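Subject: Handover of a structure and its pockets

Dear colleague,

Please find below the structure that I am handing over to you. A description of the findings follows it.

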Amino acid sequence: AELRASRYAEAEASFTRDLEGGEPSPIAHFNRHSARRGQGDMSGALADLDVAVQGLPEVLTIRIARAKLAFQAGRFEVAAGDFKKAISIADDSGEPVEAEWFAGAGLCYGELGRNDEAVTEMNNAIARKPDEPVFYCNRGWLFHNLGRLEEAERDLTRAVEIDPAYAKAYKNRAIVRERAGDSAAALDDYRRLGALGHDVADEVARFSA
């Protein structure tokens, strides 16, 4: 009740008393992670999720919660493992697999420099949710990291076709186009960013010089 009322400090104290009062429950650790996260204690929240995952390794909700928080904390190996484990659990139990889980694993692999694996995960995400511009933007940047510039530009173009106001995709496409030697096209993307309200005066001046 305290957690639902956003009384996070009181909720944490209650869950701590619960954990101290008998055999520690993985669910109590999971609940306390929410209270700690609500107070900005990401380290404490992750510590609780680590215990919860050990106690209930097949529970999807706990796996995904740790995957997302571990990603935010820069624990990319842990996050990737959790996203992949969640996919496996869902597959085995016949539950639906979220496209975002594949995308999450892809982002983790990208942060780890494992770009080929990251592209594979993004392929899976796009196959399940083909109209999500973020997935194309992310895969496009992975292609850029691999030096596959034509594929990168194609994905980033697809992202802005789906969402014409997607600033990050324009910025990434400008970088890809400049790297490919197409300065005019890069300048066009920066001008599009400017029209969306972003400060790109320095970039426009550099290309216009």
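Which helix gives the most to the lining of the second largest pocket? That helix is α6, with five residues. The model is predicted, so local features need pLDDT of at least 70 and side-chain atom pairs count only at pLDDT 80 or more, while totals for chains, interfaces and linings use all residues. Residues are numbered from 1 along each chain as its sequence is written, and side-chain values use heavy atoms, with hydrogens and water left out.

The second largest pocket has a volume of about 150 Å³. A pocket here is an open set of points on a 1 Å grid over the protein atoms alone, where a 1.4 Å probe fits, with protein on both sides within 12 Å along at least five of seven lines; lining residues have an atom within 4 Å of a point. Volume is the space filled by probe spheres set on the points, which are joined across faces, edges and corners. Among the lining residues of this pocket are K68, W101, L107 and N138. At least two residues each come from α4 (60-72), α6 and α8; helices are DSSP runs (H or I, at least four residues), numbered from the N terminus.

The largest pocket has a volume of about 210 Å³. Its lining includes G106, L107, N138 and K168. Here α8 (133-145) supplies the largest share, five residues.

Yours sincerely
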